[in-house]
Amino acid sequence: MWKWLHPYANPETTYHLSDRVIPWFGWLSGSLLTIGLVWALLFAPADYQQGDSFRIFYLHVPAASLSMGIYLGMAIAALCGMVWQLKLSDAAVAALAPVGAVFTAIALFTGAAWGKPMWGTWWVWDARLTSELVLLFLYLGVIAINNAFEDKQMAGKAASIIALVGVINLPIIKYSVEWWNTLHQGATVSKLGKPAMSLEMFWPFVVCFLGFAFFVATVTCIRFKTEILLRNSSRPWVKNLMLEQAK
Amino acid sequence: MQFDSITAFLDMGGYGFFVWLSFGFGLIALLTLVLQSKSALKRAKSDIAKRIVTEQKQKLAAQQQNNHR
């Protein structure tokens with residue numbers, strides 16, 4: 001496996017790999033999101049308690065679970081960067097943070113817009129909402145630190161530390177609805193075994209979720225390319241590539 | 001199809017404002033992210049290209065100065 005992975009520690013190989021997968025991820029994301037959102041907004045049944053406000057679910061839940069998934073990915077990249085001193089890991093951390101921040105913001109915003117009609121309030125300082133807000137601040141911290149240092153290597157190290165320390169927040173978000181009394185409802189989809197929802201609602205959710213996941217992959221690859229270029233701008237392969245593209 | 005008319009679809013059983021507020025925000029946020037990511041890549045490429053051109057010019061100028069001596 002190491003032999004197979006080894007070439008991808010080389011920025012040039014990885015740059016071209018991301019370049020190649022972007023159109024595939026992009027098209028997958030576009031078509032899955034079109035199918036999923038039309039299904040979710042027009043054809044999925046309304047909830048027996050929440051009526052059509054339930055349709056916010058198809059954006060809120062994928063955004064929230066991806067906001068945590070992206071953080072986990074970012075933290076793993078940070079760990080690899082610290083253990084093996086891979087410069088590409090720093091680029092991955094820097095590429096993932098803004099994407100995660102946007103998904104966290106969407107989760108928080110749609111949660112507020114769903115909470116207002118269902119709970120009667122836009123916001124409460126309870127465990128689930130507060131820990132998700134902390135997640136947003138962690139992302140913003142990683143972004144700010146990456147931008148604060150002129151020296152990319154130092155920035156990467158500092159950002160990785162924040163990213164790793166923040167991992168403690170993930171189980172807190174995940175289990176907040178079980179550990180504390182909260183307005184937020186418990187898990188609907190991720191219960192082990194059968195999901196606690198009807199299949200007519202479950203399948204459009206799966207399609208939406210995959211669509212958003214491929215969206216994350218597409219945007220992350222674009223940002224990853226940028227970060228690789230910025231960190232290798234004086235290498236011969238970047239120079240040759242730029243000259244080729246300028247033709 | 002869960003809705004009889006466009007109006008019913010937009011109304012979302014009375015929750016129209018909240019549903020469209022959510023999806024509107026999501027759409028704007030994701031679009032902004034894509035456009036910003038693409039323009040950042042473009043900017044990085046053009047910055048690097050500019051630097052290469054400047055470096056080449058400097059090299060050329062240095063060579064010419066050497067030739068005059």
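View 1. Buried here means under 20% relative accessible area, exposed over 50%, and partly exposed in between, with a 1.4 Å probe and protein chains only. B:Met12 sits in the loop between helix 1 (6-11) and helix 2 (16-68) of chain B, where helices (H or I, at least four residues) and strands (E, at least two) are DSSP runs numbered from the N terminus. Its phi is near 50 degrees, a positive value in a residue other than glycine. Most residues other than glycine have a negative phi.

This is a predicted model, in which local features need pLDDT of at least 70 and side-chain atom pairs count only at pLDDT 80 or more, while totals for chains, interfaces and linings use all residues. Residues are numbered from 1 along each chain as its sequence is written, chains are lettered from A and ligands numbered from 1 in the order in which they are written, and side-chain values use heavy atoms, with hydrogens and water left out.

**View 2. Chain B has two helices and zero strands.** The radius of gyration of chain B, taken over C-alpha atoms with a globule rule of 2.2 Å times the number of residues to the power 0.38, is 27 Å, well over the 11 Å that this rule gives for 69 residues, so chain B is more spread out than a compact globule. The C-alpha trace of chain B spans about 85 × 20 × 15 Å along its principal axes, and buried residues make up 26% of the 69 residues.

**View 3. In helix 7 (residues 169-179) of chain A, the buried residues are A:Asn169, A:Leu170, A:Ile173, A:Ser176 and A:Val177.** These residues cover an arc of only 145 degrees around the axis, which puts them on the same side of helix 7 of chain A; the arc is that of the directions from the helix axis to the C-beta atoms. The buried residues of helix 7 pack against helix 3 (57-84) and helix 5 (127-148) of chain A, contact meaning heavy atoms within 4.5 Å. On the other side of helix 7, A:Glu178 and A:Trp179 are exposed.

**View 4. A:Gln85 has a positive phi of about 55 degrees although it is not a glycine.** This residue lies in the loop between helix 3 and helix 4 (87-119) of chain A, and at 53% relative accessibility A:Gln85 counts as exposed.

**View 5. A:Gly141 is found in helix 5 of chain A.** With a relative accessible area of 23%, A:Gly141 is partly exposed.
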